[in-house]
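I opened my notebook to look through this structure piece by piece. My notes follow in the order I made them.

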Amino acid sequence: MSEEDEFELEPIEILELPLGAWHRDKGARMVEFAGYQMPIQYEGIMAEHIWTRENAGLFDVSHMGQLMLTGDGAAEALEALVPGDISALKEGKMRYSLLLAEDGGVLDDMMITAAPMGLYVVVNGAVKWDDMGYLREYLPDEITINNMEDRALLALQGPKAVDALKRVVPGVDALYFMEAGSFFWGPKTDPEPLWISRSGYTGEDGFEISVPATHAQKLADQLCAQPEVKPIGLGARDSLRLEAGLPLYGHDMNPDVDPVQGNAAFAISKRRRAEGGFAGSERILNALANGPARKLVGLSVEGKMPVREGAPIFAGAAQVGVITSGGFGPSVGAPIAMGYVAAAHNAVGTALEAEVRGKRVSVTVANLPFIPHHYHRKGANT
């Protein structure tokens, strides 16, 4: 065996989504993302983005991890690792939260729902195995973590999502933003239970639907048969969430960032602020009291040249930050970005410059989100 053979690395297996063949049949261009072959676009990112803002787009997010945490005291045990008030969640209610390292750095962001069986937790696909390992290490042995690999996850997003989905799954229109429940789909003689939440990551009204993987194609076909619905790829999902000011884990958040720096202090519940007791609470509560040294902010971009992840941000000759997400905002009609900027320079309206291929581009600290959210909140006029 040669030295070259001895150190040859095994190829990394790229996994197939339950709807992989379905996407290809629909004309999707596939790319590798988070270890899976995923559709980046069908008709084109711009058209798919605008369709979702005006109608309803169907996204396949089955690469995400769907976990069920069960056992006595699961909510209280999870509170040692996240800054949310999980034990106060009533059945069918959801909370956005953050999985924290011992020093308060963000290991992942997640959605946590109180379900009849336990806590239903959705985590990011790229780090789901790391998350499961971390939870197994730090949660008590009596807490069971079930990785629901036999289920697909579909997101139907846009102002007409409710019109389309309620024809296929009656009763979903009763949900408000950040609520979830079980619904029956299919013939009355043999209905299939679905777990559906009114949530998503586009800034629009919409739903996430957990469905057995073996039934995912049938459900996707029924949804796309509705006149409001088209399949939408990862490209438009990224531009939609950027306009909505929503961070992408691994880009806008990582273990070097705490929740206050990451513009996610809202995820730290009032009780937890008072009591602490979560991973990294001393660092995080200090940042809440005194302000972070840097913070994730929105940036409007002058001209037509997009600024991309990794571009340095300057105030004069001094580098004061870095771009973490950037691109063209189809609904904004201009390039937009998010990035970390030092405290002395991150007030809304501050004029800065980003460096793109050796050239300076004028940017201005902007309010987030770039496009207002249109969630279906209880008591709101929507």
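**Cavities**

I began with the second largest cavity, whose lining is made of Met38, Pro39, Phe59, Asp60, Val61, His63, Ile232, Gly233, Leu234 and Arg237. I noted that I was reading a predicted model. Strand S3 (36-41), strand S4 (56-60) and helix H8 each give two or more residues to this lining. I sorted the lining by class and got six nonpolar, two polar and two charged residues. The volume of this second largest cavity is about 50 Å³.

How many cavities of 30 Å³ or more does a search of the whole structure find? I wrote down three.

Next I looked up the largest cavity, with a volume of about 80 Å³. Its lining consists of Met94, Met111, Thr113, Tyr120, Val122, Leu153, Trp195, Ser197, Glu208 and Ser210. The elements giving two or more residues here are S7, S8, S12 and S13. By class, I have six nonpolar, three polar and one charged in the lining of the largest cavity.

I then turned to the second largest pocket. I put its volume at about 300 Å³. The lining has 15 residues, and Met68, Met148, Arg151, Ser182 and Trp195 lie nearest the centre. Two strands, S12 (192-197) and S13 (206-212), are the elements that give two or more residues to this lining. Which element gives the largest share of the lining of the second largest pocket? I found that S12 does, with four residues. The classes of this lining are ten nonpolar, two polar and three charged.

**Nonpolar cores**

The largest nonpolar core holds 38 residues. I listed those with the most contacts inside this core: Tyr96, Leu98, Leu100, Tyr120 and Met253. At least two residues of the core come from each of strands S6 (94-100), S7 (106-114), S8 (119-123) and S10 (151-157), and from each of helices H8 (234-243) and H10 (281-290). S6 supplies the largest share of this core, four residues.

I went back to Tyr96 to see what it touches. I left aside neighbours within four places in sequence. Tyr96 is then in contact with Asp109, Met110, Met111, Met178, Tyr201, Pro247, Met253, Phe266 and Ala267.

**Helix H6**

Which residues of helix H6 (161-168) are buried? I noted Ala161, Val162, Ala164, Leu165 and Val168. Looking down the axis of H6, I see the buried residues fall within an arc of 160°, so they line one face of the helix.

**Asp256**

Last, I looked up Asp256, in the loop between H8 and helix H9 (270-275). Is Asp256 buried or exposed? It has a relative accessible area of 59%, and exposed means over 50%, so I wrote Asp256 down as exposed. Not counting residues up to four places away in sequence, Asp256 touches Gln261, Arg283 and Arg294. I also checked Gly104, which is 152 residues away from Asp256 along the chain. The C-alpha atoms of Asp256 and Gly104 are separated by 8.7 Å.

Conventions
Residues numbered from 1 in each chain as written. Predicted model: local features only at pLDDT ≥ 70, side-chain atom pairs only at ≥ 80, totals over all residues. Heavy atoms only, no water. Buried < 20%, exposed > 50% of the residue type's maximum accessible area, 1.4 Å probe, protein only. Arc of directions from axis to C-beta. Core = buried A, V, L, I, M, F, W, Y, C linked by side-chain atoms within 4.5 Å. Contact = heavy atoms within 4.5 Å. 1 Å grid on protein atoms, 1.4 Å probe; cavity = no way out; pocket = protein on both sides within 12 Å on 5 of 7 lines; lining within 4 Å. Points joined across faces, edges and corners; volume = space filled by probe spheres on them. Nonpolar A, V, L, I, M, F, W, Y, C, P; charged D, E, K, R; others polar.
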